[in-house]
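Please open the structure in the viewer and keep the selection panel at hand.

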Amino acid sequence: MKRSLLTVLSLIYWSLYLHAASFSVKDYGAVGDGIHIDSPAINETIQKASQSGGGIVVLPKGTYLCYSIHLQSNITLQLQKGAVIKAAPVDGQGSYDEPEPNAWSQYQDFGHNHWHNSLIWGENLHHITIEGEGLIDGTGVLAREGGVNKALALKNCHHVSIRGISILKGGHFGMLLTGVDDLLIEGIDCDTNRDGIDIDCCERVVIRNCRVNTVNDDAIVLKCSYALGRPKSTAHVLIENCEVSGYDVGSLIDGRRTTNSTKAPDGDGPTGRIKLGTESNGGFYHITIRNCRFNHCRGLALESVDGATMKDINVSHLQMNDICNSPIYIRLGDRMRAPEGFQPSKISDISISDVCVSDADSRYACIIAGVEGNPIHHVSISNLRIQYRGGITLDDVREQRGRNPFFIPEARQSHEPGESNYPEPSAHGIQPAWGLSISYAENISFKDIQLETVKPDERPWIYQKDTHHISFNNIIINHQEIK
């Protein structure tokens, strides 16, 4: 990631303050008592600031009960310490904006097709900042199901900065940012029901110094869907110095970090990870993930299944603890949820280094899985340390596969929507190896790898199927060097 990208995106924030006037929402009728509906006053303040050429819309300390807030260009929405934008209940006092139509809705999940049915939204805007020490709170209102399901949604915007704020129970998406270029997200806390930060079809993005907790879905996820009605890549992205986790909802922000929730809606363990995919039409290019921590969640997932090329992905210096499925999952699939004419997905040029994992579930191992006739190419993994829990027997594998414990079925694939074709480590079942499972892959290198199990595991440490040019250098398995 070039230093110039960091510099340019950092300047987004400061440039918005030059000659910017301040507009307090209380001067336009906002009460902030948690009883009155304040979104009309906030929207009026935003409109007045926009008509004046832009400015800083200030929310002083208070609880502002709101329906949909409409952003405008050249506006900073500043939530001062103690300010809370609280999602208003749907009880007749007002209403949220309806989801707008989308002619391409069949190519991605429902939530990715709509932006207006959100607590805060903007479309076709530029030079926006949302910042401060305040909170956006969707408790009891924002949900995956129902009329309003996002805390913040932006579509086709550029030069956007989101800094310092917290999001609690943000619904289907804490943030859905689609077609948003030149984007800086810095120093936020997001402790939410489902996806935390969704970056979809965005270019020139920096996400840094954030904490994202999402027990039931992904924490920081990059996508490149067809929601804009055209393929657009997600490219030139840096994710650094972030923490992702799957603690109980709300227990990151309040500091408890409790672990009572043991399963996400798909039946597997807490999610809360960094992921690329699943919606994957436009392509993933030049993505850097570094210096991040994964706690009580799933591992890193790199997935392209709908016709996107994934190339030049660089991952380094990850710390993982209490990982409930594959610490590393690289999946090239053929779901092909895309318009006619899309070519099959491709994955190549992946570099992963300096990863340390403790207390990892060993059911699924680290998986690199292409499909027959379309292998994953050129993956380099180095300086990898994983401590697995172990304890799986060959009978555990036989129970799901029949008599041959070393048979690995293809993960289920279908061109029909549904969980059966969703790329996830659990879709492959318990692996016939506890450490590495590689299928339909070429030119894969492993260097300086240490793998161990806490409890004895009857399976071998590695499984390979239809692989070519797989190299190993300095491999230590349960403290024994492999020659």
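A salt bridge is a side-chain nitrogen of Lys or Arg within 4 Å of a carboxyl oxygen of Asp or Glu. This is a predicted model, in which local features need pLDDT of at least 70 and side-chain atom pairs count only at pLDDT 80 or more, while totals for chains, interfaces and linings use all residues. Residues are numbered from 1 along each chain as its sequence is written, and side-chain values use heavy atoms, with hydrogens and water left out.

The whole structure holds 30 salt bridges. Select E186 and R163 to begin: their side chains form a salt bridge of 2.7 Å, N to O. E186 belongs to strand β15 (residues 181-186) and R163 to strand β12 (residues 158-163), 23 residues apart; strands are DSSP runs (E, at least two residues), numbered from the N terminus. E186 is buried, at a relative accessible area of 15%. Buried means under 20% relative accessible area, exposed over 50%, and partly exposed in between (1.4 Å probe, protein chains only).

Next, select D189 and R211, whose side chains meet in a salt bridge (2.7 Å, N to O). D189 is in strand β16 (residues 189-191) and R211 in strand β19 (residues 211-213), so this pair ties together parts 22 residues apart in sequence. D189 is buried at 17% relative accessibility, whereas R211 is partly exposed at 25%.

Then select E203 and K232, a salt bridge with its closest N and O atoms 3.5 Å apart. Finally, select D109, D195, D198, K223, E279 and R337, which salt bridges with shared partners join into one network.

Zoom out to finish: buried residues make up 61% of the 483 residues in the protein chain.

Methods:
Helices (H or I, at least four residues) and strands (E, at least two) are DSSP runs, numbered from the N terminus.
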